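Q: Hi! Could you walk me through this protein in plain words?

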Amino acid sequence: MRRTQAARVRGEGLVLVLIVLAILAGGTWFVFSSRRESEKNCREFAALVAERVAVHYDEKFLHVRLGPEAQKKFLQSVRDRMIARFRQFGTPAQPIPLEGEVRFESGFFRPMGTFRAQLKYPNTSAYLDLSISSGMTVWQVDDIYLVEEPPPKAAATATPASAAPTPTPTPTPAPEQKPKRKRKR
């Protein structure tokens, strides 16, 4: 009788170890698949922002998707000027190439990405630099900058540095001083 009881205890220990190993393997798989999914979603959101802002000139999308700090940093007037510049450029060549990387603040959680979308226009090219993070519930834009490149014609027609005119200081007239007023007592 003692032998069967000892064998049963050993068998129960083995089952317990197998259950713990299965839980650890499932947790590891979940963490790594969650990280891959977050990285994929971050890249997709960056591509969506580039398309909605540079192609569709969607001011409302940009306003809604800016994070709280970015709302303070990029006031409505700044966003309006950025959208106006996109309209002046026209529609860029599609698909828009996107380069960048996704980092995780705590190894597997709190993803943040920095991306650069290359916008190719008929007359010039520009870059849209983005910083993306995961907010409380949705993806948000933390930084967005439009970096314009000068048109190729401007570089070819520029004058050499030696032929550039030298600035000369112009005298400014001294301001007239008003006579002092006497105070009545």
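**A tour of the fold**

A: Happy to! From the N terminus on, the elements of the protein chain run α-α-α-α-β-β-β-β-α. Keep in mind that this is a predicted model.

Q: How many helices and strands are there in the chain?
A: The protein chain has 5 helices and 4 strands.

Q: And what share of the residues counts as buried?
A: Of the 185 residues in the protein chain, 25% count as buried. The accessible surface comes to about 14,300 Å², and carbon and sulfur atoms account for 59% of that surface.

Q: Okay, strands next. How do E1 and E2 pair?
A: Strand E1 (residues 98–104) and strand E2 (residues 111–120) pair in the antiparallel sense, over 7 bridges. One spot to look at is Val102, which stands opposite Gly113 in E2.

Q: What sits between those two?
A: E1 and E2 form a hairpin with 6 residues between them. In the turn you'll find Gly107, which has a positive phi of about 85°.

Q: Which salt bridge does Glu105 make?
A: The side chain of Glu105 meets that of Arg110 in a salt bridge, 3.4 Å from N to O. Glu105 counts as partly exposed, at 49% relative accessibility.

Q: What about E2 and E3?
A: They pair in the antiparallel sense too, over 9 bridges. Lys120 has Ser125 in E3 as its bridge partner. E2 and E3 form a hairpin as well, with 4 residues between them.

Q: And how is E3 joined to E4?
A: E3 and strand E4 (residues 139–148) run antiparallel and are joined by 9 bridges. Ser133 stands opposite Gln140 in E4. A hairpin links E3 to E4 through 4 residues.

Q: Is E3 largely enclosed or largely open?
A: Largely enclosed by the rest of the structure, because 8 of the 10 residues of E3 (residues 125–134) are buried.

Q: Let's switch to helices. How far apart should the ends of H4 be?
A: Helix H4 covers residues 76–89, so it has 14 residues. At 1.5 Å a residue it should span 20 Å. The C-alpha atoms at its ends are 20 Å apart, which agrees.

Q: Which residues of H4 are buried?
A: They are Arg79, Met82, Ile83, Phe86 and Phe89. Looking down the axis of H4, these buried residues fall within an arc of 115°, so they line one face of the helix.

Q: What's on the other side of H4?
A: There you'll see Arg81 and Gln88, which are exposed.

Q: And what follows H4?
A: Gly90 does, and its phi is positive, near 100°.

Q: Can we zoom in on Phe86? Where is it, and is it buried or exposed?
A: Phe86 is found in helix H4. Phe86 counts as buried, because its relative accessibility is 0%.

Q: What is Phe86 in contact with?
A: If we leave aside its neighbours within four places in sequence, Phe86 is in contact with Val53, Ala54, Tyr57, Leu119, Tyr121, Leu128 and Leu146. Take Ala54: Phe86 and Ala54 are 32 residues apart in sequence, and their C-alpha atoms are 5.9 Å apart in space.

Q: How about contacts across the chain, what share joins residues at least 24 apart?
A: That share is 52%, counted among contacts between residues at least 6 apart in sequence.

Q: New topic: how many salt bridges are there in the whole structure?
A: A search of the whole structure finds 7 salt bridges. One of them joins the side chains of Asp58 and Arg52, 2.3 Å from N to O.

Q: Which partner does Lys72 have?
A: Lys72 forms a salt bridge with Glu69, and their closest N and O atoms are 3.6 Å apart.

Q: Where do Lys72 and Glu69 lie?
A: Both lie in helix H3 (residues 68–73). Lys72 and Glu69 are 3 residues apart, about one turn of the helix. Lys72 is exposed, and Glu69 is exposed as well.

Methods: Residues are numbered from 1 along each chain as its sequence is written. This is a predicted model: local features need pLDDT of at least 70, side-chain atom pairs count only at pLDDT 80 or more; totals for chains, interfaces and linings use all residues. Side-chain values use heavy atoms; hydrogens and water are left out. The expected span of a helix is 1.5 Å times one less than its number of residues. Buried means under 20% relative accessible area, exposed over 50%, partly exposed in between (1.4 Å probe, protein chains only). The arc is that of the directions from the helix axis to the C-beta atoms. Contact means heavy atoms within 4.5 Å. Accessible areas come from the Shrake-Rupley method with a 1.4 Å probe; for residues, only the protein chains shown count as cover. A salt bridge is a side-chain nitrogen of Lys or Arg within 4 Å of a carboxyl oxygen of Asp or Glu. Two strands pair if DSSP finds at least two bridges between them.
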